Amino acid sequence: MMCIDVCRTMGAKAMAANPSFSSGTAILACAAMAVLYVGMLYTPSLLFRLPPARTINEHYIRRFTCSVVASVLASGLCFWLLGSPIDMLRNGDLPAALAVLGIRRDHVWQATLYPLLLTALLYLGPLVMTALNTDERLEDEAKVEMGFIQGLFTRTRDNVISLTTDIFAWRNYIVGPLTEEWVFRACMVPVLLCAGYSQLKVMLLCPLYFGLAHLNHYWETVYPENRNHKIAALITGFRFAYTTIFGWYAAFLYLRTGHLVAPLVAHIFCNVMGLPAVGDALESPYNKVIGLTFLVGLGSFICLLNPATSPALYGYMPGQCLPTAS
């Protein structure tokens, strides 16, 4: 309960009245975090002059290491700017310092379950399509229900098993979401709030850094994949668009719940599901059912967005800047 009490002691409005650093400094600090996160991926070859990785696993293990180092450095920059977390660490109050980054011990199951179910509503159509396509011979309602359950179980089981053998699963479901949410939400949001930015501005700013951090894929699309610049620009532009849109949602979850786990579970779930296969849905014999469930899911998501993310459910004061030592 100490973490709850500590986290409730200071709101963003109080800090905004007398910020310890300027709004411009906050913008530059967040830009530095984004550049650091992307630039660190290329340090093995550019800075340390290491030879090219011999296998794809070695390539991604290097990148995992770089992502973790970038996350630690971003945390250091965040703590240095805010000041108070460093004092908390000196006083041995690690939980309070971690609470600044949204790492809290209280209300964990709420921050895990509610955002997960909320995000799943956006994928209600694809989830139903996956279940129905598991066995097209299903006819009666009982069998359809069983097919839906089997479809969800099979997808979950396959993704869990893949973690033991597939380096891409580690990238998409563990290292990528964790380090990205750490840097682009946990480190950036407190800095922007404590510089006096409103929650709305923070929600709009952070995703832009998140989207821009994916523009390095342009270079990787042109050269290693030998694609022309026009195709690379289209792919990169599309990636920037959907990562920015997701960033808005992730920042909203973080600002509303004060829990890093909330955007993290949403990020992992979206990576597991991928972008909806619209073409497959239109060609499916169940396209009307899938279309209806998509609309039901979208409508339910819109209706439940605010109630399911009510700060009261997570023991959180909305818009708080950072906790103070008790």
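Over the ring of which residue does the charged end of R185 sit? The ring is that of F210, and the charged end of R185 lies 4.6 Å from its centre. A charge is counted as sitting over a ring if NZ of Lys or CZ of Arg is within 6 Å of the ring centre and within 35 degrees of the ring normal. The charged end of R63 is likewise placed over the ring of Y42, at 5.3 Å from the centre.

The model is predicted: local features need pLDDT of at least 70, side-chain atom pairs count only at pLDDT 80 or more, and totals for chains, interfaces and linings use all residues. Residues are numbered from 1 along each chain as its sequence is written, and side-chain values use heavy atoms, with hydrogens and water left out. The mean pLDDT (the predictor's confidence in each residue, from 0 to 100) of the protein chain is 79, and 74% of the residues score at least 70. Helices (H or I, at least four residues) and strands (E, at least two) are DSSP runs, numbered from the N terminus. The pLDDT is below 50 over residues 1-18, a stretch with 40 contacts in the model beyond near neighbours in sequence; contact means heavy atoms within 4.5 Å. Residues 135-144 also stay under 50. Where pLDDT is low, the predicted coordinates should not be read in detail.

A search of the whole structure finds ten aromatic pairs. Rings of Phe, Tyr and Trp (its six-membered ring) pair if their centres lie within 6.5 Å; planes under 30 degrees apart count as stacked, over 60 as edge-to-face and the rest as tilted. The pair of Y60 and F168 is edge-to-face, because the planes stand at 65°, with 5.3 Å between the ring centres. Y60 belongs to helix α5 (residues 56-82) and F168 to helix α11 (residues 167-194), so the pair ties together parts that are 108 residues apart in sequence. Y60 is buried at 12% relative accessibility, whereas F168 is partly exposed at 33%. Buried means under 20% relative accessible area, exposed over 50%, and partly exposed in between (1.4 Å probe, protein chains only). One aromatic cluster is formed by Y37, F184, F210, F246, Y249 and F301.

The largest nonpolar core has 61 residues, and F21, M33, C78, F184, M188, V191 and V202 have the most contacts inside it. Such a core is a set of buried Ala, Val, Leu, Ile, Met, Phe, Trp, Tyr and Cys residues joined through side-chain atoms within 4.5 Å. Helix α11 gives the largest share of this core, ten residues. Beyond four places in sequence, M33 has contacts with residues including A74, L77, C78 and V183. A further core of five residues, among them V128 and Y286, lies apart from the largest one.

H267 is in helix α15 (residues 261-273) and is buried, with a relative accessible area of 5%. The side chain of H267 makes a polar contact with that of E180, at 3.4 Å. A polar contact is a pair of N or O atoms within 3.5 Å; within protein, one must be able to donate a hydrogen and the other to accept it, and residues adjacent in sequence count only if both atoms are side-chain atoms. Outside four places in sequence, H267 touches P177, E180, E181, F210 and F246.
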